[in-house]
Amino acid sequence: MIEAPPSQNLSTKPHVVRDNSSPMIAVRSVVKRIGQQEILRGVDLEVKTGETLVIIGRSGGGKSVLLKHLVGLMTPDAGEIWIDGHNIIGMNERQLGSIRKKIGILFQSGALFDSMTVEENIAFPLREAGEKDPKVLHTKVEEMLEVIEMEGQEDKMPESLSGGMKKRVGLARSIIRRPSCVLYDEPTSGLDPVVADSINRLIRRLQQRLGMTSVVVTHDMKSAFDVANHIAYLHEGRIYFYGTPTQLQQARDPILQDFLLGRSDGRGD
Amino acid sequence: MVRFFNALGTPVLAFFQYLGELVLLAGDTFHSIFTHKLRWKLFLNQVVEIGLLSQLVVVITGAFTGAVFAAQTFFQFNKIGMGSATGAVVSVSICRELGPVLTALMVAGRVGAAMSAEIGTMKVTEQIDALRALAVYPTDYLVVPRALAMMVSMPLLVAECIAVGIAAGYFIAIFLLEINGTYYMANMVRWTRNRDIIMALSKAFCFGILIVFISCQKGLSAREGAVGVGRATTEAVVNSSLAVLICNFFLTMLLNIIYPAGYQ
């Protein structure tokens with residue numbers, strides 16, 4: 001049963017974490033409109049270095065849009081985004097390059113380069129960073145394939161991979177350069193429970209062993225509770241709830257309960 | 001009245017916005033060419049894609065254009081006893097107009113469409129976002145190798161088209177139409193000057209630039225999945241072809257001042 005949450009964690013006002021440790025990511029009053037629709041209406045959020053923040057919310061609620069803002073793939077109409085102490089708003093694409101080297105992102109679809117093999121996809125960031133030695137590249141790719149449990153698949157083309165495999169290769173590509181932060185867009189959607197669990201374990205392992213900061217966007221509540229240090233609920237373009245997984249489980253707020261229990265408000269009747 | 005001006009203004013604004021995007025992409029690409037390291041492997045792949053794999057299309061276009069042009073010219077000129085001038089007309093026309101324009105139209109159809117479709121598919125499947133997220137600037141990775149390969153390949157393709165066209169015209173004239181070969185060659189060499197070749201190669205270079213930027217811009221701005229990619233590809237071919245034909249007129253007028261036609 002979900003019980004009463006601590007009242008200070010439930011607010012319709014923008015929420016900002018205040019902590020002595022420096023945040024890896026700080027989002028301040030971010031507003032984004034796409035066409036006539038206001039997707040983000042003043043999002044405030046901080047992600048501390050080394051923690052895993054899970055952003056949950058209903059489909060079409062702007063979670064992926066928010067995630068893309070964090071790596072500069074989208075630009076907000078208002079607000080600030082600080083990554084590792086740098087405000088990325090106003091930076092051009094080339095200036096963003098140095099910030100993006102610190103951040104890996106796993107796209108919902110994997111976004112593998114379809115003209116390259118699995119090995120070429122995974123080695124891509126290293127090759128672009130100037131590593132030319134084929135032996136070094138191959139060794140590092142093999143290590144990553146072992147991490148994602150896909151040994152011996154390096155010669156396959158993306159079209160011959162399943163959805164889960166594509167995501168794992170995408171993940172390997174995003175972490176091979178050992179970024180200090182990884183953003184995951186729906187890492188377990190469309191995967192069977194076993195593969196989903198292996199992805200969750202991988203996210204936890206990266207946090208524990210390498211101290212990577214992670215931001216995970218998901219609908220999968222099992223995954224959220226598995227990996228999160230903190231959970232933020234994005235509702236109507238704002239952070240509606242921010243707290244620990246335990247606090248979320250204890251929340252009595254009807255909007256949160258509807259989401260957690262998967263209840264519709266009857267509009268489909 | 002307001003509605004009338006609105007209806008008139010919207011497409012005009014859209015057109016100028018499109019031109020602006022093309023100019024920005026071109027500026028960004030040239031800036032990148034001069035300030036950033038070239039990815040040689042991608043460049044050479046594109047040279048193969050644009051230059052080598054377009055050979056057959058260009059050779060067939062050149063050969064049959066030269067052949068039919070020689071035949072038609074002979075049919076008309078022979079009536080007034082000027083059949084041996086066929087070589088000069090075929091050679092100068094293919095150099096100054098037909099070679100560059102027809103090659104550019106064929107390349108726009110074959111290469112422009114492929115560029116737009118490939119980049120457009122990458123755009124709608126988030127591969128371009130993935131490039132950006134991996135700190136790779138899409139212009140450097142996608143546009144620069146294509147633009148440079150086009151700048152190198154187009155003049156060579158046009159030169160090939162011209163050579164094949166002239167050769168085909170010669171064979172038709174000599175072996176089929178039975179024109180005197182000596183007069184044919186003498187007239188052709190007399191009336192065809194270096195400036196005709198320079199004009200052809202200059203046009204080829206300009207057309208190559210037009211095709212590559214129009215096609216890449218259409219690909220980079222593709223939206224809405226498969227339909228969007230299809231639309232971008234069609235627009236890339238149509239816009240490239242129209243741009244080639246329109247610019248050809250202005251280039252002809254301009255280059256004719258610098259390199260006037262005829263025996264001087």
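**Close-up views of a predicted model**

**View 1. Helix α3 of chain A and its cover.** Parts of α4 (134-147) and α5 (163-175) of chain A are among what covers the buried residues of α3(A). Those buried residues are A:Val118, A:Asn121, A:Ile122, A:Ala123, A:Phe124 and A:Pro125. Just after this helix, α3(A), comes A:Gly130, with a positive phi of about 110°. As in every view here, the model is predicted.

**View 2. The side of chain A that touches chain B.** Contacts link 15 residues of chain A with eleven residues of chain B. Two elements of chain A, α2 (93-100) and α3 (118-128), each give two or more residues to this side. The largest share comes from α2(A), with four residues. By class, this side of chain A has eight nonpolar, five charged and two polar residues.

**View 3. The open sheet of chain A.** Six strands line up in the order β6-β7-β8-β3-β9-β10, with mixed pairing. At the edges are β6 (103-106) and β10 (238-243) of chain A, and each pairs on one side only. From one strand to the next, the twist averages 15°.

**View 4. Strands β3 and β9 of chain A.** β3 (residues 52-57) and β9 (residues 230-235) run parallel and are joined by five bridges. In one bridge, A:Leu53 has A:His230 of β9(A) as its partner.

**View 5. Two helices across the strands.** Helix α1 (residues 63-70) of chain A lies across β3, β7 (181-185), β8 (213-217) and β9, and runs at about 150° to β8(A). Helix α6 (residues 193-210) of chain A lies across β3, β7 and β8. The angle of α6(A) to β8(A) is about 160°.

How values were computed. Residues numbered from 1 in each chain as written. Chains lettered and ligands numbered in written order. Predicted model: local features only at pLDDT ≥ 70, side-chain atom pairs only at ≥ 80, totals over all residues. Contact = placed C-beta atoms within 7 Å. Nonpolar A, V, L, I, M, F, W, Y, C, P; charged D, E, K, R; others polar. Buried ≥ 20, exposed ≤ 12 C-beta atoms within 10 Å, placed from the backbone. Pairing = 2+ DSSP bridges. Axes fitted to C-alpha atoms, helices over the stretch in contact; angles between N-to-C directions.
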